[in-house]
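Thanks for coming, everyone. Please have the sequence and the model open while I talk.

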Amino acid sequence: MALSLRLSSFSPTLSHKTPLTCLANPIKASLSQTTPQSPKSLQLPQWVSSVRSKSLNFLLSGSLSLALSLTGVGFAEGKVGVNKPELLPKEFTTVIDVAGFLSDGQERRIGQEIDALEKDTGYKLRVLAQNYPDTPGLAIKDFWKVDDNTIVFVADPTFGNILNFNVGASVDLDIPRSFWSRLAGKYGNIFYWKEKGEDASIEAAVMAISACLREPVGANICSEVK
């Protein structure tokens, strides 16, 4: 199961001292240039900055090159970078489904859950459902104004596991990385989404993320994937 992916074109490996890591190989740049304070975290000591630069990697679209995953499995297959702003919706939305996995009702429910989560916690969850290479790709960076409090959830079955995440540095400090790998293992594996459908996998993942981010920060935060 691969959870760590890197974006090419905007943010492959960690460069420019940015807290977000993305999927990629060739060109390097980051999805985030800002560093707002974590909704749950206070001022952090200097050493934390080195931890910040190790946030989760993900497959955003375009330049898909699976880097080393959290499970220790590595993939080196690279794809050509994609940047298609014409595939973005005309108006702002927190859910973009260019793959057609979700019904209108599901998109509304997920959007409502995301809005409530952001209002209650300050965390910004964004969902992109795609089938590479049909995706807006790197164009979502500016469209969503991705920052350190943002989780970009990319649902793409290209590599088998449909759940891929880009976690902002502030989120990464609050939420254990094991949560994302367990989440991908539970709802993203190919057996799950082949049997229940991509839509069921996406909805279940959104609800699990919402439940996790609402838990108080502590030693046992997100110890369970709901």
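A definition to begin: a salt bridge is a side-chain nitrogen of Lys or Arg within 4 Å of a carboxyl oxygen of Asp or Glu. Side chains of opposite charge can pair when their charged atoms come close.

Now, what are we looking at? This is a predicted model, where local features need pLDDT of at least 70, side-chain atom pairs count only at pLDDT 80 or more, and totals for chains, interfaces and linings use all residues. Residues are numbered from 1 along each chain as its sequence is written, and side-chain values use heavy atoms, with hydrogens and water left out.

Back to the salt bridges. By that rule, the count comes to 8. Take Asp-172 and Arg-177. Their side chains meet in a salt bridge, at 2.9 Å from N to O. I will call a residue buried under 20% relative accessible area, exposed over 50%, and partly exposed in between, using a 1.4 Å probe and protein chains only. Asp-172 is buried, at 10%. Arg-177 is partly exposed, at 28%.

Next pair: Glu-113 and Arg-214. Their side chains form a salt bridge too, at 3.9 Å from N to O. This one links distant parts of the chain, 101 residues apart. Glu-113 is in helix 2, residues 104-121, and Arg-214 is in the segment after helix 7, which spans 198-213. When I say helix or strand, I mean DSSP runs, numbered from the N terminus: helices are H or I with at least four residues, strands are E with at least two. Glu-113 counts as buried, at 19% relative accessibility. Arg-214 is partly exposed, at 35%.

Lys-124 sits in strand 4, residues 124-129. Asp-147 is in the loop between helix 3 and strand 5, 23 residues apart from Lys-124. Both Lys-124 and Asp-147 are buried.

In what order do the strands run? The order is 3-4-5-6, in an open sheet of 4 strands with mixed pairing. Two strands pair if DSSP finds at least two bridges between them. Strand 3 (95-97) and strand 6 each have a single partner strand, so one side of each is left without a neighbour in the sheet. Strand 5 and strand 6 pair in the antiparallel sense over 5 bridges. In strand 6, Leu-163 is the bridge partner of Ala-155.

Helices pack on this sheet. Helix 2 touches strand 3 and strand 4, and its direction makes about 155° with that of strand 4. Helix 7 lies across strand 4, strand 5 and strand 6, at about 160° to strand 5. Those axes are lines fitted to C-alpha atoms, for helices over the stretch in contact, and angles run from 0 to 180 degrees between N-to-C directions. Contact means heavy atoms within 4.5 Å.

Last topic: the nonpolar core. That is a set of buried Ala, Val, Leu, Ile, Met, Phe, Trp, Tyr and Cys residues joined through side-chain atoms within 4.5 Å. How many residues does the largest one have? It has 37, and those with the most contacts inside it are Phe-153, Trp-180, Leu-183 and Ile-202. Helix 7 gives the most to this core, with 8 residues. Leaving out residues up to four places away in sequence, Ile-202 touches residues including Phe-101, Ile-110, Val-127 and Phe-153.
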